Amino acid sequence: MKLTLRVWRQRNADADGAMSTYEVDDISPDMSFLEMLDTLNEELILGGEDPVAFDHDCREGICGACSLVINGDAHGPERTTTCQLHMRSFKDGDTIDIEPWRASAFPVVKDLVVDRSAFDRIIQAGGYITAPTGAAPEAHATPVPKPDADFAFEHAECIGCGACVAACPNGAAMLFTSAKINHLNVLPQGAPERETRVLDMVAQMDEEGFGGCTLTGECATACPKGIPLVSITGMNKEWLRATRKSGKR
Amino acid sequence: MTRTMWDSSVGKKTVMAVSGLIMLAYLVVHMLGNLKIFFGSDEFNEYAHALRTLGEPFLHYEWALWIIRVVLVAAVVAHAVSAYQLSRRDIKARPTKYVHKKPRASYATRTMRWGGIILGLFIVWHILDLTTGTVHPGGFEAGHPYQNVIDTFSTWYGNVVYIVAVLALGLHIRHGFWSAAQTLGVGSRTRDRAFKTIANVLALVLTVGFVSVPVGVMTGVVS
Amino acid sequence: MTAEYADYATGEPVADTKAPSGPVNERWDTRRFEAKLVNPANRRKHTVIVVGTGLAGGSAGATLAEQGYHVVQFCYQDSPRRAHSIAAQGGINAAKNYRNDGDSIHRLFYDTVKGGDFRARESNVHRLAQISVEIIDQCVAQGVPFAREYGGLLDTRSFGGVQVSRTFYARGQTGQQLLLGAYQALSRQIAVGNIEMHPRTEMLDLIVVDGRARGIVARDLITGRIDTYFADAVVLASGGYGNVFYLSTNAMNSNATAIWRAHRRGAYFANPCFTQIHPTCIPRTGEHQSKLTLMSESLRNDGRIWVPKAKGDQRPANEIPEDERDYYLERIYPSFGNLVPRDIASRAAKNVCDEGRGVGPGGQGVYLDFADAIKRMGRKAVEAKYGNLFDMYQRITDEDPYEVPMRIYPAVHYTMGGLWVDYDLQTTIPGLFAIGEANFSDHGANRLGASALMQGLADGYFVLPSTINDYLARNPHHEKVTAEHPVVQEVLAETEDRLSLLLAVDGDRTPDSFHRELGELMWEFCGMARTETGLRKALERIPQIREEFWRRIKVPGTGEEFNQSLEKANRVVDYLELAELMCLDALHRGESCGGHFREESQTPDGEAERRDEEFSYAAAWEFTETGQAPVLHKEDLVFEYVHPTQRSYA
């Protein structure tokens with residue numbers, strides 16, 4: 001396959017960026033999208049040019065590092081992570097636009113690499129259960145109904161890649177935040193911090209400069225782990241409940 | 001609690017949802033009242049008068065109406081201010097646009113924003129036209145709403161403005177009602193279809209109901 | 001040069017002086033009681049550096065911070081949540097005996113020592129088995145959503161190499177869920193200011209002052225700034241070194257720099273040749289392949305492994321009739337069948353492929369067939385159990401595993417070797433601790449499935465936080481080390497020079513091209529089967545590649561910016577040295593055991609033959625100079641409870 005790539009190049013956070021055009025040849029349809037970029041980078045290095053910087057690590061769809069907007073879609077045309085996208089999803093002769101996640105809360109570090117530490121700070125605000133090591137009761141002391149355990153797991157699957165933010169026209173982090181809140185709030189272990197968790201995490205999410213939800217559903221469409229849009233509804237419900245309860249205290 | 005509500009993006013959405021639902025409830029009643037126009041001028045004018053004597057003898061003349069007006073104005077203001085602030089926040093959150101554009105992404109958001117602005121302007125015109133009569137075509141007569149309505153819908157622009165606004169309203173309700181359900185946390189996977197259906201039915205019924213009046217005037221059913 | 005490097009000297013034996021004697025099940029209690037404690041009020045004054053945020057590092061950082069220590073923690077990823085523990089799929093073992101199927105701490109201990117082919121320490125393994133039950137409690141309390149049964153209790157499944165059902169799991173994402181639990185605990189401590197977290201910061205060297213580990217040199221990957229950080233103790237939780245092979249199931253950026261630099265500064269490196277080749281990975285598709293993807297071993301619970309009986313059979317799998325298929329694991333190992341330990345399953349796959357019976361492109365693959373499972377359990381049940389793995393397989397290969405059998409082939413997955421540590425998990429450099437995959441301690445020559453997560457969390461949540469107290473209490477470090485210290489200046493200058501040199505060569509080969517060349521060499525000569533001739537060939541070739549590297553490497557850009565090529569090149573520098581040690585260790589260990597298979601040492605029917613009388617020891621290597629022979633220190637292994645027998649899974 002022969003492809004034309006238009007790639008966002010930006011030297012660092014303070015520099016201006018622009019799209020640059022590259023041609024790549026001999027691309028196998030069995031290559032992953034990132035292996036295609038590896039091929040480009042090998043050529044760039046040997047040609048004395050700066051290779052394209054992009055985040056990647058596990059390359060098996062679980063670490064959440066990879067983060068490319070491909071032809072306007074976060075993680076590209078398939079519902080998966082960029083690293084699990086294969087070149088068989090494209091046609092010989094295609095022109096492919098590759099851009100970084102765009103959000104003011106995710107400033108560009110270099111080329112296609114962005115700073116997603118805002119997500120870490122949202123978790124730090126309350127995305128945990130306080131259970132210091134050693135203080136745990138016997139694991140079977142509190143049975144958890146299977147539907148609740150499954151519900152928690154489905155939301156815990158979030159890999160924190162940020163595709164939801166990249167896809168949302170408002171750059172909102174509601175899907176990410178709601179996934180963690182739903183995961184922890186449904187569990188009996190998460191009950192003691194149920195209210196503070198949602199209030200603090202939502203406040204931090206606002207603080208980071210993410211937009212609000214207009215329920216376009218773009219986040220859920222882009223999510224490689226299939227976190228559903230209704231997750232946000234669940235968070236809203238938890239937030240209202242917590243606001244009511246904290247008002248009474 | 002009020003502070004949390006107003007300071008949070010989720011809280012502001014709640015304000016929008018609640019104020020939107022208040023306006024929606026009003027619109028249903030308003031639309032039903034409008035339909036009385038098909039039963040002749042007496043019944044329609046009588047209905048308009050009844051609105052002013054609503055709650056008597058417990059309430060003084062027009063008090064009920066003013067209470068409703070105050071609540072509605074509060075709802076409109078809360079809805080608009082929240083929308084404005086949230087929109088600004090949303091735009092600020094995505095300062096650099098993607099080079100590769102995807103139109104579908106912002107469809108719902110765009111229709112809500114532009115639809116909202118259209119509806120805001122329409123409300124002003126609608127009040128100046130049929131409540132105060134300031135911009136009414138022909139002689140506005142307080143207490144004779146039947147004739148006033150016919151006057152308005154006898155002009156081409158009156159029909160155009162009204163019909164465009166009602167269509168915008170339909171689209172607004174279609175996304176807005178479902179959206180409010182999600183914001184208020186009552187949506188769920190199992191109820192999602194139900195809420196979407198209710199939203200569509202509400203949007204359709206209100207659109208048809210409201211549009212029937214100018215159509216009635218235009219076709220001469222109402223004269 | 002080769003002759004010199006392979007001509008290693010044998011130094012004094014090394015002994016684990018920290019493990020108490022006495023009954024094995026009381027040793028951990030005894031050690032905890034004998035260990036000195038640090039007054040809670042004084043803990044704040046102690047700084048501990050933790051490198052890595054995987055299961056071991058994340059849990060250690062969180063727990064040390066909870067205890068009141070000031071923790072300074074590093075990871076090269078943009079967030080501590082992305083450490084490669086996240087990719088572990090199958091599960092975590094614990095001797096809970098919830099199934100009432102005869103499991104016990106002693107059985108887990110026994111299985112692990114036996115599974116490790118009698119090359120692990122009994123004291124350590126027993127402690128691991130004891131702690132396993134606490135780990136599950138801890139993780140459940142943190143909200144880890146383990147799979148549950150309808151009654152609301154935890155579900156378990158069985159895993160390769162054992163006959164009890166003791167593996168707790170969260171669909172095919174157990175590592176992810178456990179890591180997020182540790183990450184969340186870590187986040188909580190970051191929020192309250194007990195942990196100073198440095199993401200996108202890579203450790204490049206260790207600072208040893210007066211014989212004690214006192215800090216590290218690290219590079220901010222965004223700005224390129226190289227800085228020094230100081231502490232009273234340094235904990236390495238930087239994972240394994242499987243990426244020496246270029247193609248492995250490790251993350252692309254997982255690397256050996258932290259442990260290799262520590263080794264160069266004096267920490268012994270133990271059993272470097274013990275690498276685990278995982279039997280169930282997706283075969284490679286071509287030259288462009290950048291990494292290999294593992295399919296959880298749990299697939300072997302219901303999938304059946306086979307190849308055609310005839311050599312070079314090119315028919316599609318579905319057209320090969322039942323009686324022309326060879327379910328070779330079930331045939332050779334009737335009692336364990338498809339559930340034999342990883343090393344055995346991997347080697348068996350290699351053997352049938354070497355016989356010319358492999359399937360798929362290049363004949364480097366065997367079938368893992370779910371047709372029977374689908375018939376027996378129904379497609380729905382198979383989907384519920386393995387759906388995400390099947391999806392992943394289909395995405396990568398474009399084949400539907402519900403319709404045609406999966407193709408699998410072994411790939412480098414885990415390294416049992418690592419920095420030598422004593423019972424306290426302390427290396428031979430006082431104040432330097434190594435936990436998780438970075439150390440060598442618990443798995444011997446082969447790791448059982450679902451035991452890596454167990455060990456990482458045992459080390460991080462429970463062992464290190466207990467043992468590090470003893471070191472800190474005995475070494476209060478009243479004198480502060482500062483950046484002006486001559487030793488610090490020297491280490492910093494060395495690091496800066498190394499990076500400058502990489503940038504200055506301006507040759508004509510990329511870091512990846514060298515890495516790939518080294519990896520292919522290692523896979524061929526130090527992979528699933530090793531011979532003296534092959535290893536000697538590799539030992540001759542590695543210094544040549546290294547020499548060429550420093551002549552022809554090309555790294556674009558500068559050191560004062562985000563420069564992924566520079567990061568990569570610097571990691572390859574260390575692989576090029578570590579590879580040599582791995583080959584030497586493999587050469588010196590003239591026996592077969594676990595993941596280390598020497599063709600010269602096998603039974604008549606081709607099974608690994610251990611030679612306990614000669615090799616019942618852990619080989620701890622001391623660094624001398626690059627390219628110069630290291631010194632071997634042996635730690636004799638004593639088996640009081642589990643008596644070494646030739647492993648049999650037949």
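1. The UniProt record, an unreviewed entry, puts its "active site" annotation on C:Arg342. That label comes from the record and may be inferred rather than shown by experiment.

2. Confidence next. The model scores ipTM 0.98 and pTM 0.96. For chain C the average pLDDT is 95. In that chain, 99% of the residues score at least 70. Where pLDDT is low, the predicted coordinates should not be read in detail.

3. Chain C has two assigned domains. Domain 1 of chain C is written in two segments, 1-274 and 416-642. Domain 2 of chain C runs over 278-413. Their centres, taken over C-alpha atoms, are 30 Å apart. The contact between them involves 25 residues of domain 1 of chain C and 28 residues of domain 2 of chain C. On the domain 1 side, 15 residues are polar, 8 are nonpolar and 2 are charged.

4. The contact joins 18 residues of domain 1 of chain A to 16 residues of domain 2 of chain A. The domain 1 side holds 8 nonpolar, 7 polar and 3 charged residues.

5. Overall form of chain A. The C-alpha atoms fill a box of roughly 65 × 35 × 35 Å along the principal axes. Secondary structure amounts to 8 helices and 7 strands. Of the 249 residues in chain A, 61% are buried. Take the contacts in chain A between residues at least 6 apart in sequence: 69% of them join residues at least 24 apart.

6. Which chains touch most? Among the 2 pairs of chains that touch, chains A and C have the most contacts. Chain C puts 63 residues into that contact, and chain A puts in 66. On the chain C side, six elements are listed as giving two or more residues: α4 (55-67), α6 (122-141), α7 (174-191), α12 (379-397), α13 (452-474) and α17 (564-588) of chain C. The largest share, 9 residues, comes from α7(C). By class, the chain C side has 24 polar, 23 nonpolar and 16 charged residues.

7. Chain A also meets chain B. This contact draws 37 residues from chain A and 35 residues from chain B. On the chain A side, at least two residues each come from β5 (95-99), α6 (194-207) and α8 (230-248) of chain A. The most come from α8(A), with 9 residues. The chain A side divides into 17 nonpolar, 14 polar and 6 charged residues.

8. How far apart are the closest C-alpha atoms of chain B and chain C? They lie 20 Å apart, and no contact joins the two chains. Chain A, by contrast, has a contact with chain B and one with chain C.

Note on methods:
Residues are numbered from 1 along each chain as its sequence is written. Chains are lettered from A and ligands numbered from 1 in the order in which they are written. This is a predicted model: local features need pLDDT of at least 70, side-chain atom pairs count only at pLDDT 80 or more; totals for chains, interfaces and linings use all residues. Two residues are in contact if their C-beta atoms, placed from the backbone, lie within 7 Å. Ala, Val, Leu, Ile, Met, Phe, Trp, Tyr, Cys and Pro count as nonpolar, Asp, Glu, Lys and Arg as charged, and the others, Gly among them, as polar. Helices (H or I, at least four residues) and strands (E, at least two) are DSSP runs, numbered from the N terminus. A residue is buried if 20 or more other C-beta atoms lie within 10 Å of its own, exposed if 12 or fewer, and partly exposed in between; C-beta atoms are placed from the backbone. pLDDT is the predictor's confidence in each residue, from 0 to 100. Domain bounds come from an automatic or database domain assignment.
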